[in-house]
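Hi,

Here is the structure I promised to hand over. Please open it and keep it beside this email as you read.

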Amino acid sequence: MSKTPTMYVERFSVFQRFIHLLIILSFLTLAITGMALKFAMEGWAAMIADWSGGFAVLGALHRFCAVITFFYFFLTMILLYTSWKDSGKSLFGFIFDPEGLVPNLTDLKEMIGTFKWFFGGKRPYYGRWIYWEKFDFMAVFWGIAVIGSSGLALWFPVQFSKYFPGYWLNIATIIHSDEALLAAGFIFTIHFYNTHLRPEKFPLDPVIFVGSISIDELKHERPREYDQLVASGELDKMSTRRAPTAWLARMATVFGIFVVTTGSILVVSIIITMFKYIQGGH
Amino acid sequence: MSHKDTLLSRAGTSLCTLLITGMVMTGSAFALTNDDCLGCHGDTSMTAEKDGKTISLYVDEATFKETVHAENGCVSCHVEAEVAGDEHPFPMTPVDCSSCHEEIGAIYAKSAHGVAMAKGDALAPQCKDCHSKHDILKPTDPRATTYPLNIPYTCGRCHQEGSAMTATHELNKHNITQNYSMSVHGKGLFESGLIVTAVCSSCHTAHDVQKASVPTSSVNRDNIIHTCNKCHVGIVDKFKKSVHSPLVTKTDKKLPVCIDCHTDHSIGQVHEKDFRLIIAKQCGNCHEHHSETYLETYHGRASMLKGGERTAKCSDCHGSHNIMPAQDPTSTINTANIVKTCSVCHPQANLSFTTYLTHATHNDKENYPYLFYTFWAMTGLLVGTFSFFGLHTILWVPRSLIERLKAMTKGH
């Protein structure tokens with residue numbers, strides 16, 4: 001460890017962290033309540049329904065969290081709008097900012113570089129957002145559009161069938177349910193691993209809860225961002241000696257591990273059930 | 001031929017009392033009055049040894065006088081007791097009720113109980129086991145063993161799980177008394193105190209009790225509708241016009257009867273949870289495909305969870321006793337009626353809404369191609385995404401471990 005005091009930079013603002021907290025709470029609840037219905041014939045689903053007080057409670061929680069989802073989607077729009085205004089760029093320039101959240105050619109190159117790194121090559125020169133992080137972010141948009149629209153149809157089936165054929169509700173059910181399986185399966189395995197459970201971070205990367213990371217970590221994890229911040233002179237302006245407070249770090253660890261554990265238990269239940277079906281041949 | 005004998009031959013089995021009267025009137029030397037018998041048997045301490053056990057030979061005159069046989073002389077049943085001396089033979093042959101109750105005796109002899117008796121089954125019930133001996137009251141008397149409120153106890157003495165009878169006999173049904181107590185009929189009796197509710201003998205008859213497998217049994221599949229019809233007349237009328245009635249549907253396949261949906265001893269209240277939760281299973285015994293595909297939809301899935309009795313069950317859409325095929329204009333799911341049927345749960349339902357497939361499955365490419373292709377498109381998306389990121393993750397594990405080890409060694 002260096003002898004100089006550890007310096008920190010902010011990676012996620014309070015507003016961004018608040019949005020992610022809303023995502024965690026609503027997504028986890030949606031996944032648990034929805035999967036209990038999708039896999040209703042399984043013992044673990046019956047347990048969830050028994051604990052919560054029945055399928056009507058699950059339905060109410062599911063719809064409540066759907067509202068939270070639409071709300072955080074709206075908050076994300078505000079966040080993007082203010083970021084755009086603050087950046088002073090044109091709309092096109094903001095969306096396709098090489099260091100922005102939209103995937104580009106650099107990501108493809110980095111992805112190939114990453115596979116090489118897995119086999120002993122040099123670690124890619126990652127920037128502020130790595131391609132798997134961008135995928136998570138874009139998936140939220142895709143997911144909300146698909147799950148949200150099909151979910152609304154299922155929530156208001158009578159109104160929906162005034163404009164569309166009633167049997168589209170059957171199609172909406174398949175889309176909603178399988179897209180949700182994709183989303184929950186992805187977040188509870190791939191996102192959890194990429195962000196928290198991989199040996200470098202295990203058991204938790206608390207940055208999304210505490211907001212800041214040490215400059216050492218930034219330099220190691222995201223060398224391109226670090227170099228850019230040094231070059232522009234912003235690092236000196238941003239960096240602070242203030243480490244995340246002890247209680248915040250503790251809260252983050254306890255809450256984060258609880259959520260990761262809950263999601264993992266659910267996904268393991270789903271995987272076991274899926275294997276049972278595949279073996280049973282539908 | 002003595003006067004007594006002439007009377008006997010004329011009187012017939014149902015006029016036993018005349019015998020006594022005749023004997024008293026003629027002042028026959030053999031005529032024993034009940035008082036003569038009670039001279040000994042009116043003593044509460046009178047006992048005898050029989051099969052190594054001490055049995056009481058006391059007869060309570062006051063009780064006997066209230067019974068249906070009050071006007072009968074003791075010797076009309078205990079025929080061998082009619083001897084000149086003080087002492088009659090002991091032990092006497094058992095009382096034969098059929099000497100008067102001839103018809104019932106004949107029915108009993110052919111019943112499961114009578115056949116068991118004839119085979120020497122020590123636990124087979126005789127008349128006295130259900131009707132008692134000197135305390136036989138009319139079935140309308142609340143104290144009678146055959147009064148509706150008492151019948152389950154009377155039958156239960158043998159048919160309760162754990163009794164000597166159930167322990168030694170091979171029976172098709174178990175826990176029948178417990179199941180009956182929890183059933184709609186049992187609750188009607190034990191909770192609501194209804195004497196019009198069905199008790200054991202309402203369905204099984206009193207004397208003609210037969211196993212359900214016997215074709216003439218009142219509880220045989222082919223006769224059960226007739227048996228239920230004794231009380232549920234309006235329901236059977238509807239049922240006879242429905243698709244499940246053999247009068248409407250001519251088929252070699254087995255058509256359902258009351259007990260196939262409602263079960264027998266444990267028959268539940270149809271609006272209650274216990275019954276609503278078994279509907280899909282009961283219908284599924286014959287309509288397997290429809291039951292399975294129903295369970296794939298929201299209605300079916302939700303019905304498996306706590307509180308699931310509230311979602312639509314087969315009978316909520318198709319009706320129950322009045323069930324008709326969809327093309328019949330009286331069917332609840334006929335285009336003419338389906339909006340009304342769905343509206344019970346979905347107010348303001350419209351015709352487009354009713355095209356929702358309540359028995360949809362994505363496994364049927366022929367009938368539901370759009371569901372089939374949607375499912376496989378989604379499955380492709382899932383398999384593709386997880387394959388790529390799964391591989392990505394698996395390859396990352398060893399690299400990440402190395403990085404962690406590097407960081408640890410560097411840190412020290």
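Leaving aside its neighbours within four places in sequence, which residues is T76(A) in contact with? They are I19(A), F137(A) and F141(A). Contact means heavy atoms within 4.5 Å. T76(A) is found in helix 3 of chain A, residues 55-87. Helices here are DSSP runs of H or I with at least four residues, strands are E runs of at least two, and both are numbered from the N terminus. T76(A) has 10% relative accessibility, so it counts as buried. Buried means under 20% relative accessible area, exposed over 50%, and partly exposed in between, with a 1.4 Å probe and protein chains only.

Some ground rules. This is a predicted model, where local features need pLDDT of at least 70 and side-chain atom pairs count only at pLDDT 80 or more, while totals for chains, interfaces and linings use all residues. Residues are numbered from 1 along each chain as its sequence is written, chains are lettered from A and ligands numbered from 1 in the order in which they are written, and side-chain values use heavy atoms, with hydrogens and water left out.

Now the helix pair. Helix 1 (residues 14-38) and helix 13 (residues 246-280), both of chain A, have axes that come within 11 Å and cross at roughly 25 degrees. That makes helix 1 of chain A roughly parallel to helix 13 of chain A. (Under 35 degrees is roughly parallel, over 145 roughly antiparallel, 65 to 115 roughly perpendicular, and the rest oblique. Axes are lines fitted to C-alpha atoms, for helices over the stretch in contact, and angles run from 0 to 180 degrees between N-to-C directions.) Residues making the contact include L21(A) and L28(A) of helix 1 of chain A, and F255(A) and G263(A) of helix 13 of chain A.

A36(A) is also found in helix 1 of chain A. At 0% relative accessibility, A36(A) counts as buried. Leaving aside neighbours within four places in sequence, A36(A) is in contact with A45(A), I48(A), L58(A) and L305(B).

Over to chain B. Strand 1 (residues 47-50) and strand 2 (residues 53-56) of chain B pair in the antiparallel sense over 4 bridges. Pairing requires that DSSP finds at least two bridges between the strands. E49(B) has T54(B), in strand 2 of chain B, as its bridge partner. The hairpin has 2 residues between the strands, and D51(B) takes a positive phi near 50 degrees.

Best wishes
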